[in-house]
Amino acid sequence: MRLLTPILLLTLTGCGYHQTGSATHIPASVRTLAVPVFATNAQAFHTEMAFTQATIRELNTRTRYHILTSDSDSADATLHGTILTQTVAPLTYDGATGQSSSYLITITAKVLLTAHDGHTLYRNDAFVYREQYQSTQDLSGFIQEDNHAVNRVAKDFAQAVVSDMLESF
């Protein structure tokens with residue numbers, strides 16, 4: 001047992017485990033983050049707003065940074081995001097009507113966190129998120145579900161971005 005403990009400790013210290021917050025890309029001198037509205041290359045309505053708002057909400061919830069909602073010279077760092085693509089593809093069809101009954105929305109995005117001096121603190125050019133949603137066949141009770149799907153994807157995206165920025169190694 002005495003021999004097993006040092007071997008176990010050596011194994012754990014070399015395999016990438018770390019204390020929360022110890023692998024941050026963001027220097028301790030950064031106290032204020034600017035998060036301007038994300039840019040978009042997609043032909044979709046308000047996806048960039050949903051992603052921006054979800055990211056700001058996640059940063060406010062999980063960090064102690066003062067978040068500015070626009071580009072500002074007073075910010076210590078700025079997080080720029082871009083929605084690269086947004087596609088909606090039918091997944092299933094109703095055999096009786098021949099209409100699509102569920103869809104898959106796929107959104108790709110990239111983010112770049114830069115310090116006030118322009119130095120890159122964090123970058124990820126390859127966020128890809130998918131969400132399946134059902135369409136409504138009853139037109140009298142029709143609810144546009146794709147906006148809700150975008151909001152769910154935005155929440156997952158924001159959680160991943162903040163986690164990756166703070167904890168990736």
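This is a predicted model: local features need pLDDT of at least 70, side-chain atom pairs count only at pLDDT 80 or more; totals for chains, interfaces and linings use all residues.
## Basis of the model

Residues are numbered from 1 along each chain as its sequence is written, and side-chain values use heavy atoms, with hydrogens and water left out.

## Overall fold

The chain contains three helices and six strands, in the order α-β-β-α-β-β-β-β-α along the sequence. Helices (H or I, at least four residues) and strands (E, at least two) are DSSP runs, numbered from the N terminus.

Of the 169 residues in the chain, 36% are buried. Buried means under 20% relative accessible area, exposed means over 50%, and partly exposed lies in between (1.4 Å probe, protein chains only). The accessible surface of the chain is about 10,300 Å², with 54% belonging to carbon and sulfur atoms; accessible areas come from the Shrake-Rupley method with a 1.4 Å probe, and for residues only the protein chains shown count as cover. Among contacts (heavy atoms within 4.5 Å) with a separation of 6 or more, 68% are between residues 24 or more positions apart.

## Nonpolar core

In soluble globular proteins, nonpolar side chains tend to be buried together. A nonpolar core is here a set of buried Ala, Val, Leu, Ile, Met, Phe, Trp, Tyr and Cys residues joined through side-chain atoms within 4.5 Å. The largest such core has 37 residues, and those with the most contacts inside it are L33, F51, L59, L113, F157 and M165. The elements that give two or more residues to this core are α2, β4 (77-93), β5 (100-115), β6 (120-134) and α3 (146-167). Helix α3 provides the largest share, ten residues.

Leaving aside residues up to four places away in sequence, L33 touches L59, Y65, H66, I67, L68, A75, A77 and L113.

## Aromatic pairs

The structure holds six aromatic pairs. Rings of Phe, Tyr and Trp (its six-membered ring) pair if their centres lie within 6.5 Å; planes under 30 degrees apart count as stacked, over 60 as edge-to-face and the rest as tilted. The rings of F51 and F157 have centres 4.7 Å apart and planes at 40 degrees, so this pair is tilted. Because F51 lies in helix α2 and F157 in helix α3, the pair ties together parts that are 106 residues apart in sequence. F51 is buried at 1% relative accessibility, and F157 is buried at 0%.

Y103 and Y133 form a stacked pair, 5.6 Å centre to centre with 25 degrees between the planes. The two residues are 30 apart, with Y103 in strand β5 and Y133 in strand β6. Y103 is partly exposed at 22%, whereas Y133 is buried at 9%. Ring pairs also link F38, F51, F127, Y129 and F157 into a cluster.

## Salt bridges

Side chains of opposite charge can pair when their charged atoms come close. A salt bridge is a side-chain nitrogen of Lys or Arg within 4 Å of a carboxyl oxygen of Asp or Glu, and the count comes to three. R152 and E131 form one of them, with the closest N and O atoms 2.8 Å apart. This pair links distant parts of the chain, R152 in helix α3 and E131 in strand β6, 21 residues apart. R152 is partly exposed at 31%, while E131 is buried at 18%.

R62 and E58 meet in a salt bridge of 3.2 Å, N to O. Both lie in helix α2, four residues apart, about one turn of the helix. R62 is partly exposed at 36% and E58 is buried at 13%. In the R123 and D125 salt bridge the closest N and O atoms are 3.1 Å apart; R123 is partly exposed at 48%, as is D125 at 41%.

## Selected residues

T63 lies in the loop between α2 (47-62) and β3 (66-68) and is buried at 14% relative accessibility. Not counting residues up to four places away in sequence, T63 touches V162 and L166.

N124, in strand β6, is buried at 18%. A polar atom of the N124 side chain lies 2.8 Å from the backbone nitrogen of A126. H46, in the loop between β2 (39-40) and α2, has a positive phi near 65 degrees although it is not glycine, and H46 is partly exposed at 40%.

Methods
A polar contact is a pair of N or O atoms within 3.5 Å; within protein, one must be able to donate a hydrogen and the other to accept it, and residues adjacent in sequence count only if both atoms are side-chain atoms.
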